[in-house]
Structures are given as structure tokens and as C-alpha cells.
Amino acid sequence: MGFAFWKGNQFPVEGKTVLLTGASQGMGREVAKLLSARGANLVLVARTVKNLEAAVEYVRSHAKNPSSQRFHYISADVSSEAENARILAETTAWNDGVMPEVVWAIAGASIPGLFVETNTETMRKQMDLNYFSAAYLAHKTLTAWWYPDTPYSSQEKSAVPQGTRHFILTSSGVAFVGLAGYTPYSPAKAALRSLADGLRSEVLLYNGARRSQAATGQTPAPFDVNIHAVFPGTILSPGFENEEKTKHPVTRLLESSDPKQTEVEAATAAVRGLENGNYMPTTNWMIDLLRWGSLGSSQRNNIIVDTLMAWIVSIVWLVMLPDINGKVWGWGKKEGMPKLRQNAQ
């Protein structure tokens with residue numbers, strides 16, 4: 001964030017331990033590969049052991065330092081609070097009693113469909129997987145970083161500061177725009193954007209406490225913490241194939257002109273954004289437009305660029321919004337009142 005265009009890498013991972021959820025396929029697996037190629041030790045989390053075993057071998061084959069890098073996987077249901085506690089405990093034990101320096105919540109899935117045709121249990125499951133899985137992990141990670149079971153000593157506070165910790169949420173472009181057919185899914189992703197904004201503000205309190213001379217009886221962590229939220233668009237992945245099974249035709253119409261990315265392209269853009277120090281990395285130009293039009297009080301990636309583009313995109317939306325609304329209205333006029341497919345998904 002800021003005015004500088006010449007900053008160095010703000011997301012160095014060589015020699016550090018990175019925990020990734022949703023890392024057995026899709027963008028998550030490609031993120032793991034890129035971080036392996038940058039020298040990170042990796043813990044991959046997903047449900048299916050077979051996919052995890054294959055993913056570990058895949059990312060191991062791209063290791064920058066094969067003789068020293070370490071790889072591990074954990075099979076878990078990340079929508080469970082207890083499982084998130086187990087994930088962190090197992091990762092810390094595997095990492096010689098040290099919490100990972102980077103935790104990235106990528107796990108998620110979309111089951112699109114019209115709101116009234118979607119079973120309320122499906123809506124709840126999407127909130128559990130797409131929001132609460134990340135919220136649970138954030139809550140337990142930040143607590144462990146700031147208030148470990150063995151409290152930090154005053155000597156640790158005065159020692160050489162450790163590298164910045166990074167907690168990364170994975171939202172979606174639909175957090176910035178309401179589209180017909182994504183209403184069972186998009187609220188969870190919008191909630192993640194709000195969670196990231198709130199956490200970004202709260203971590204400043206703890207980062208500031210590191211520089212305080214006030215005696216509270218609680219020694220702060222010897223490192224700063226950064227919060228990020230990544231916003232992908234359409235990714236050609238197994239998840240996208242599953243979405244197509246329930247997606248309404250009007251949703252396909254609305255996103256027909258959206259750029260579609262491979263898993264590698266999306267992962268590369270996300271990691272590059274983090275290395276640039278961005279609070280809200282996006283994976284393509286369309287999501288950038290949506291982000292600029294919805295910045296509000298969110299932290300800027302670049303004060304100059306974001307301010308300028310927010311002004312421009314506010315004008316662009318004068319054209320884009322009527323176009324989106326017109327397509328949905330036109331579909332209804334052409335096709336007529338749809339028959340109710342109750343609990344279709």
C-alpha cells in the first residue's frame with residue numbers, strides 16, 4: 001500500500017512454513033506449487049487424502065531447495081471449528097512447535113442457483129464452507145500468534161524483530177457485485193471482504209502495541225501481522241465444472257464476457273499481488289474494475305492508482321449497471337415466469 005511503485009518483495013516465503021487450506025486442487029494447488037518454487041515449507045489441507053497425496057508430490061517436484069524443504073498434508077473438514085484447531089495444532093507440532101508464518105484460507109465452493117430455488121440447508125453449508133471455515137481459522141491463528149500457550153517474554157520483545165506474519169482470506173469477485181444466480185453464494189464472500197477490512201483495522205492495535213512503552217503485564221508478539229484478501233474471478237477448475245451443473249442460464253449470460261483464467265494464471269496473479277504488498281490482490285482486470293467501484297473504506301493497494309480509478313469506474317458503472325439489469329429483465333421478458341424448481345440445489 002502507498003505511493004511507491006518500486007517496493008521489493010513484500011511476501012518472502014523462502015524458509016518459512018505456509019499453511020494452505022483448499023490446496024489439493026484448483027487455484028490452491030497452483031498457489032502451493034508457486035510457493036514451493038519460492039522455497040516455502042508447506043502444509044496442505046483438504047478433505048480427500050488421495051488428492052492431497054498427489055498434490056504434495058506435485059508441489060514437491062517444484063521445490064526450490066528439494067534437500068531442505070518439507071511438505072505435509074492434513075485431511076480435515078475446514079467447516080468445523082474443532083477441525084481448524086486440530087489443523088493448527090498438528091501443523092505446529094510438525095513444524096517443531098512453531099506456528100506457521102503464513103496461513104492462507106483458500107478452501108471454498110460455489111453452488112449457484114436462483115435464491116428461491118435453493119434449499120436453505122445448501123445456503124447454510126455455503127456459509128459454513130466459504131465464510132466460517134476462514135473465520136474459524138483466522139480466529140485460532142491470530143489468537144495463537146498473539147497469545148501463545150507459553151507467553152512471550154520481555155526478552156523476546158527486545159530481541160531482533162521476527163518477520164511479518166500473513167493471514168490471507170480468499171473472497172471472490174462476486175463480493176463486489178450482485179449477480180442473479182449467485183445469491184446463495186455471494187453473501188459469504190462479501191462477509192469475507194468485511195471480515196478482512198475489520199481484521200486489517202484490528203491488527204494495527206497489536207502491531208502498535210509492539211512499539212509501546214506501557215506496562216500491561218502482557219508481552220506483545222515479536223512480529224507484525226498483515227491481513228490480505230484475495231479476489232479471484234472465473235477460474236477454469238474442477239470447482240467451475242461443478243458450478244456449471246446448477247448455474248442458471250441468466251447467470252451464464254451475465255458472465256459470458258468475463259475473462260476466464262486457468263488455475264495457474266489465477267494463482268500467479270494472487271501471489272504477485274501479495275509480493276507487491278497489496279491488501280486486496282485481484283486475479284484479473286475485470287475484478288480490478290469491480291474493486292475500484294466498491295472501495296469504500298477498504299485499505300488501498302496504491303493510493304494514487306486506486307483513487308484515480310475509483311473516480312473513473314464510478315462513471316463506468318453508469319453504463320455497466322443498466323447493462324446488467326437490462327440483461328436480467330430482458331431474460332425474464334423473453335422466457336416468461338419460470339416454473340419453481342423447489343430445492344433444486
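A search of the whole structure finds one cavity of 30 Å³ or more. Here a cavity is a set of points, on a 1 Å grid over the protein atoms alone, where a 1.4 Å probe fits but cannot get out, and lining residues have an atom within 4 Å of a point. The volume is the space filled by probe spheres set on the points, which are joined across faces, edges and corners. The model is predicted, so local features need pLDDT of at least 70 and side-chain atom pairs pLDDT 80 or more, while totals for chains, interfaces and linings use all residues. Residues are numbered from 1 along each chain as its sequence is written, and side-chain values use heavy atoms, without hydrogens and water.

The largest cavity holds about 40 Å³ of space. Among the residues that line it are Thr21, Asn84, Ser133 and Leu137. Helix H4 (residues 120–146) contributes the most to this lining, with three residues; helices (H or I, at least four residues) and strands (E, at least two) are DSSP runs, numbered from the N terminus.

Six strands make up an open, parallel sheet in the order S3-S2-S1-S4-S5-S6, where pairing requires at least two DSSP bridges between two strands. Its edge strands, S3 (71–75) and S6 (225–230), each pair on one side only. Strand S2 (residues 41–46) pairs with S3 over five bridges in the parallel sense, and Leu42 stands opposite Phe71 in S3. Helix H1 (residues 26–37) packs on the sheet, touching strands including S1 (17–21) and S4 (102–105), where contact means heavy atoms within 4.5 Å.

Key
Axes are lines fitted to C-alpha atoms, for helices over the stretch in contact, and angles run from 0 to 180 degrees between N-to-C directions. On a 1 Å grid over the protein atoms alone, a cavity is a set of points where a 1.4 Å probe fits but cannot get out, and a pocket is an open set with protein on both sides within 12 Å along at least five of seven lines; lining residues have an atom within 4 Å of a point.
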